[in-house]
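Hi,

Here is the structure I promised to pass on. My notes follow below it.

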Amino acid sequence: MTDLLLQAAQVLRQAQRIVCLTGAGVSAESGVATFRDALTGLWSNFDPEQLASEAGFAANPGLVWRWYMERLQTVERVQPNPGHTALAQLEATAPHFVLFTQNVDDLHERAGSRNVHHLHGSITRFCCTSCREEHYLQADERRQPLPPHCLYCNGLVRPAVVWFGEMLPYAILKEAWYAVEHCDLLLVVGTSGVVYPAAQLPFTAKQYGATVIDINPEPTPISEMADLYLPGRSGEILPQVIEAMVGGGD
Ligand code: OAD
């Protein structure tokens, strides 16, 4: 096992308050395209603003609805990967653990993670564009080519995800700031670290004295500032680190 993996395992073993921040890279090995890869194939001639924005939805609700329902079908079809499972195991062994994800899928929860907060919302939940009331849609409603209308105000129902130009859920963001200001270890996995305010969290953690570990096959602004950068895929690295941490592996 590499020295970096053993160092990471040692730091994790000693940490008392662990915060984890994940991005699309964690779900990539389950077959869920990363956000930027998701705009390929049939959707390659659309820019994110057209598909993941209030204006885009207002201009063409059917197009945006079908893009999200196609991504939701993918999420429902795939399974959590060893990286998701390793994070659930880490939560079970750490004294204090909280996970903030930028991902809108539910793979962390399906892998057994419990203390999960979605900074960018959730593709498996729905709300009204106008009155924001939450809606529970049956499978046949989700298969329709057009979004349903709100039961309360007749507005259009949309996926409960954060779109470009929208604010993140304040309560969750406030909890994330508090968590990174009071943790002794921030584990960052599978994010390009270019979308704020989520990308600011590792810098705040470091400013408040936490150790920062980053796992990503590609270097990012976060890997450059991290105390430990483990280059590689999360589904491969996380299980090894957790095994070494729990097993005291040398
Ligand atoms: P990105 O698509 O920007 O970046 C995915 C990151 O995962 C990249 O740095 C990849 O190198 C890395 N990666 C790919 N495969 C990996 C693997 N197997 N293991 C570990 N890392 C891997 O996705 P995010 O950083 O999550 O926001 O994007 C952040 C936000 O940008 C998204 O949540 C979305 C978008 O705007 C909203 O939808 C509001």
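First, a term: buried means under 20% relative accessible area, exposed over 50%, and partly exposed in between, using a 1.4 Å probe and protein chains only. This is a predicted model, where local features need pLDDT of at least 70, side-chain atom pairs count only at pLDDT 80 or more, and totals for chains, interfaces and linings use all residues. Residues are numbered from 1 along each chain as its sequence is written, and side-chain values use heavy atoms, leaving out hydrogens and water.

Most residues other than glycine have a negative phi, and most peptide bonds are trans. Arg132 sits in the loop between strands E4 (121–128) and E5 (134–135), and counts as partly exposed because its relative accessibility is 45%. (Helices, H or I, at least four residues, and strands, E, at least two, are DSSP runs numbered from the N terminus.) Asn154 also has a positive phi, about 70 degrees, in the loop between helix H8 (139–142) and strand E6 (157–161). At 52% relative accessibility, Asn154 counts as exposed. Then there's a cis peptide bond between Tyr196 and Pro197, omega about 5 degrees; Pro197 is in the loop between strand E7 (185–189) and helix H10 (201–207).

Last, helix H6. The expected span is 1.5 Å times one less than the number of residues, so the 12 residues of H6 (82–93) should span 16 Å, which agrees with end C-alpha atoms 16 Å apart. Among its buried residues are Gly83, His84 and Leu87.

Cheers
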